[in-house]
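Colleague: I'm still learning to read structures like this one. Please pick a single part, take a close look at it, and walk me through what you find.

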Amino acid sequence: MTNFFAPDIKKSSKDTALNVVEEFCSIQGESSYTGRLCYFIRLAGCNLSCSYCDTLYAKKANDGKITTIDEILQRVLKSKFQTVEITGGEPLLQTKPVIELCKKLLEHDITVLIETNGSISIKNIPEDVVKIIDIKTPSSNEGKSFNINNVDYLAKHDQIKFVIGSSADYDFAVSYIKKYSLADKVNELLFSPMWTKVEPSQIVEWLVKDNIKNCRIQLQIHKIIWHPDEQGV
């Protein structure tokens, strides 16, 4: 892995700079892009407090350092990686500069992923960006946080993730999928076992029984390859 330190730029417009916790090159550990080489940009600040959060070091808005969009872009281009994920924290707390960064990355034919908790509108995110939306289940303690208007802004290439820690979480996910016809709106419905809380084999058993369209179980392979608590991977 290659880690990058975001320099502290004190005089930058809020629309041309981002509060960055870390930038690093690794492999994508989740989603349908699992295993692909990826340049990660982790932004500071989150508006939720999930019970299973594994990035508490990016929770507060001042956990990062200010860096300009152009500096980030130059580091991405230097890496020569063709896939970039913008994550957090909750990246859409910085929606305007995130949109500008996405536009610049797309101009260079880079595949752009945004991982978001779904509580903030995705309406103005560029169409070509792949939104990976984590709809929070009851075990997260944030099960009512999803902005239901986001259903109207989904593209087929977007992905919906449910972190499953119990049968109640699974039932919640299935109910949500049916109620809002999510299997017809996106090509990927991700079921992710909550680390140490539920066996992947159990989720597979449930999925086989229900035969949900467009479903995929995903394991957090970065937690298998490295220690589960390791940062920058």
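Modeller: Let's begin with a term: a residue is buried when its relative accessible area is under 20%, exposed when over 50%, and partly exposed in between, using a 1.4 Å probe and protein chains only. This is a predicted model, in which local features need pLDDT of at least 70 and side-chain atom pairs need 80 or more, while totals for chains, interfaces and linings use all residues. Residues are numbered from 1 along each chain as its sequence is written, and side-chain values use heavy atoms, without hydrogens or water.

Our part is helix α1, residues 69-79. Helices (H or I, at least four residues) and strands (E, at least two) are DSSP runs, numbered from the N terminus. On α1, Gln74 and Lys78 are exposed. Just after α1, Lys80 has a positive phi of about 65°.

Ile72 and Val76 are both touched by Ile41 (contact means heavy atoms within 4.5 Å), leaving aside residues up to four places away in sequence. Among the other contacts of Ile41 are Val20, Val84, Ile86 and Leu101.

Ile41 also leads us to the largest nonpolar core, which has 50 residues. Such a core is a set of buried Ala, Val, Leu, Ile, Met, Phe, Trp, Tyr and Cys residues joined through side-chain atoms within 4.5 Å. Ile41, Ile86, Leu182 and Phe191 touch the most other members. The biggest contribution comes from helix α3 (residues 167-179), with 6 residues. A second, separate core of 5 residues includes Leu113, Val130, Ile132 and Leu190.

One more stop, for the rings. Rings of Phe, Tyr and Trp (its six-membered ring) pair if their centres lie within 6.5 Å; planes under 30 degrees apart are stacked, over 60 edge-to-face, and the rest tilted. There are 7 aromatic pairs by this rule. Phe24 and Phe40 are stacked, 4.9 Å centre to centre with 15° between the planes. This pair joins strand β2 (residues 17-27) to strand β3 (residues 37-43), its partners being 16 residues apart. Phe24 is buried at 1% relative accessibility, and Phe40 is buried at 6%.
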